[in-house]
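Open the model in your viewer and keep the selection panel at hand. The stops below say what to select and what is there.

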There are 2 protein chains.
Amino acid sequence: MHVIEITGTGRPSTILVGEKMENLARYLPAGRTIVITDATVRQLYQDRFPTAPVLSIGCGEAVKTLETATDLYETLLSLEADRSTFILGIGGGIVCDVTGFVASTFMRGLRFGFVATTLLAQVDASVGGKNGVNLEGYKNLIGTFNQPEFVLCDMQLLQTLPEAEVINGMAEIVKHALIADAGLFAFLEEQGQSALSLDPAIIERLVRDSVVIKSGVVSRDERETGERRKLNFGHTFGHALEKVSGLSHGEAVSVGMVLAASLSVRRGRLAAAAHDRVIRLLRSLRLPCTAPAAVGRVVDAVLKDKKREADRIHFVMLEDIGRAVVEDISIAELKAAAAAFECILQPTGRHAVP
Amino acid sequence: MHVIEITGTGRPSTILVGEKMENLARYLPAGRTIVITDATVRQLYQDRFPTAPVLSIGCGEAVKTLETATDLYETLLSLEADRSTFILGIGGGIVCDVTGFVASTFMRGLRFGFVATTLLAQVDASVGGKNGVNLEGYKNLIGTFNQPEFVLCDMQLLQTLPEAEVINGMAEIVKHALIADAGLFAFLEEQGQSALSLDPAIIERLVRDSVVIKSGVVSRDERETGERRKLNFGHTFGHALEKVSGLSHGEAVSVGMVLAASLSVRRGRLAAAAHDRVIRLLRSLRLPCTAPAAVGRVVDAVLKDKKREADRIHFVMLEDIGRAVVEDISIAELKAAAAAFECILQPTGRHAVP
């Protein structure tokens, strides 16, 4: 097991990579725990849940709303949860995001922790203290920064994941490699196929390295005023694409990373050979490099995305495999760049119906 | 003008006591501001508002809901608010509580500040970083701790307050005196009548002393894990009474303080003479010392109040005028004490209809 600490402005957050869910009780405080999970996870792993009331939310991005949060608040109230209650989220990114938000705002904040049951949650969603719900289709528009006390990442839970979910998580691992760790990128080039088949040793190394990279960035810039923006590599377009195209988060981020890498080449920041390695790795991991979506709609969605500030946008470029840099670019430049990539977004030349 | 700083875990919060609203622009950052206010304040003081979009919420505790917050989120989205937008709440406690919550959760937190337009907001609600909305009648059940960048307290704005609102604010000033400042208590005994008639020098001293006391406590214990609980003096029963009786916040807290002072005498903590001084001062300020409400319902409401932890409750007692102490008491003891005070809650012997 690897224990990685995030030291933000509040309590430290401990990420337990490779710990078994059977040992969960070691990390729960004395006193009352209430579990928040979803129906799928409950069915698969309920026998490993602690003895505690279990609240289930639905599955899929559509349940990540203020209405779901309100239902949970009301159930917590009816269960007489109080400031000494510990909230345990067991699930993927959606469960972790909603649980973190509800725990951070109920009675102005209860203690909470996660068991991350998907690859995406283990390498990204559960780590770093961002939580939230969507509003009018904008991802995580309502939320807070607040670290979970612990995140337990049991590799064994990943064995029940559908392959699409494994691929979904791989995109964020590639992202971490691209922004901070050329060695991890090379390891992915060598071992990508073993990773897709969930070889335990390979996958644990990938999760550990990802968490180390993300934890380091978050510890240095919890509130995303500078360095943490690098974690948005591929996400400016990725979030927008996810919204308008129906791609999974990982797929949309994959296309977003290709766009960002291409933009980096266009600006003279990145060598074309490095750009091509990015494409090759993503393809080998069965991640898409193009996607059908009208550029205008993607740009509109980008403009409403929460990372926009006034008429400029923080955009994460690559300087090399393993080295990212954040640059302010104007909305006009963004639009021009997006238009230039129409051929990528629209490989068939057809325009998607808005 | 008196400038008082709160140093919590995040940015410092600056309270400007006696600053004129005309000088507001000095404290607003460059860039875009959006104002949140209510219809009454807007009508009275719109001419002093900064040039900015103005969002109005309704008046009264009933608007302090997640629905109101959601309306504000949607309006902020339609105005294309982003992470660089500054949110300015102009109003009383309800405007400040809702504005603080919305600003703290929209895009995981925008910068924000307040112009406090009521005595209650100046001495209490706007200061200290607590925000929130009600859920199912429970006050501030959903919220966060997050300090406003500044709170501007212009005494001149108080001149338009109805007398009931002045009395409402006086209860919290008495509370601050009781928990921390015997000199302020004596000053209130001497100058209470001038305060009620809003003598500018008197009222500024009261606001300043209150803010100094509250800021000191909050700086030492922002998240209410210890000393900050003293600020709940009179509020355990006060909140519950407010919920079940229809009393104003100040009136309910006044009765709650009488109950807490009486309980302190019963436990041998407080001299009877001090208890009687508390009653005399509250009466002279036209605050109630008794209230009609069935004890059972008040206790039920206390048990669901957010300050409850498991089967014990933190209860703030007085040791003397100007000195408070927090003690854990059992729910059983609380019920017994409440029953013993039935005569205070039910002076006529009648039971209120539930």
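## Where the copies meet

Start with chain A and chain B together: 97% of the interface residues of chain A are also interface residues in chain B, so the two copies meet through the same surface. This is a predicted model, and the predictor gives the complex an ipTM of 0.90 and a pTM of 0.91.

How is one copy placed relative to the other? Two copies of a chain are related by a rotation about an axis and a shift along it. Here a rotation of 180° with 0.0 Å of shift along its axis brings chain A onto chain B, with an RMSD of 0.0 Å. That is the relation of a two-fold axis. To find the axis from the chain A side, select Thr9(A): its C-alpha is the nearest to the axis in that chain, 3.5 Å away.

## Confidence along chain A

Next, colour chain A by pLDDT. The average is 90, and 92% of the residues score at least 70. Then select residues 346-354 of chain A, where the pLDDT is below 50. Beyond near neighbours in sequence, this stretch has 12 contacts in the model.

## Helix α5 of chain B and two partners

Move to chain B and select residues 163-180, which form helix α5, and residues 200-220, which form helix α7. Two packed helices are described by the angle between their axes and the distance between the axes. The axes of α5(B) and α7(B) come within 10 Å and cross at roughly 55°. That makes α5(B) oblique to α7(B), and the crossing is left-handed.

Show the side chains at this contact. From α5(B), the residues are Met170(B), Ile173(B), His176(B) and Ala180(B); α7(B) brings Leu206(B), Ser210(B), Ile213(B) and Lys214(B). By class, five are nonpolar, two polar and one charged.

The crossing of α5(B) and α9(B) is left-handed.

Which residues meet here? Asn168(B), Ala171(B), Glu172(B), Val174(B), Lys175(B) and Leu178(B) lie on the α5(B) side. Facing them in α9(B) are His249(B), Gly250(B), Glu251(B), Val253(B) and Met257(B). The contact of α5(B) with α9(B) has five nonpolar, three polar and three charged residues.

## Helices α6 and α10 of chain B

For the last stop, clear the selection and pick residues 182-196, helix α6 of chain B, with residues 272-284, helix α10 of chain B. They pack at an angle of about 15°, their axes 9 Å apart. That makes α6(B) roughly parallel to α10(B), and their crossing is left-handed.

On the α6(B) side, show Phe185(B), Ala186(B), Leu188(B), Glu189(B), Gln193(B) and Leu196(B). On the α10(B) side, show Arg277(B), Val278(B), Leu281(B) and Ser284(B). This contact of α6(B) with α10(B) divides into six nonpolar, two polar and two charged residues.

Key:
Residues numbered from 1 in each chain as written. Chains lettered and ligands numbered in written order. Predicted model: local features only at pLDDT ≥ 70, side-chain atom pairs only at ≥ 80, totals over all residues. Heavy atoms only, no water. Axes fitted to C-alpha atoms, helices over the stretch in contact; angles between N-to-C directions. Helix = DSSP H or I, 4+ residues; strand = E, 2+ residues; numbered from the N terminus. Parallel < 35°, antiparallel > 145°, perpendicular 65-115°, else oblique. Left-handed = near helix turned anticlockwise from the far one by under 90°. Contact = heavy atoms within 4.5 Å. Nonpolar A, V, L, I, M, F, W, Y, C, P; charged D, E, K, R; others polar. Least-squares fit on C-alpha atoms with pLDDT ≥ 70 in both. pLDDT = per-residue confidence, 0-100.
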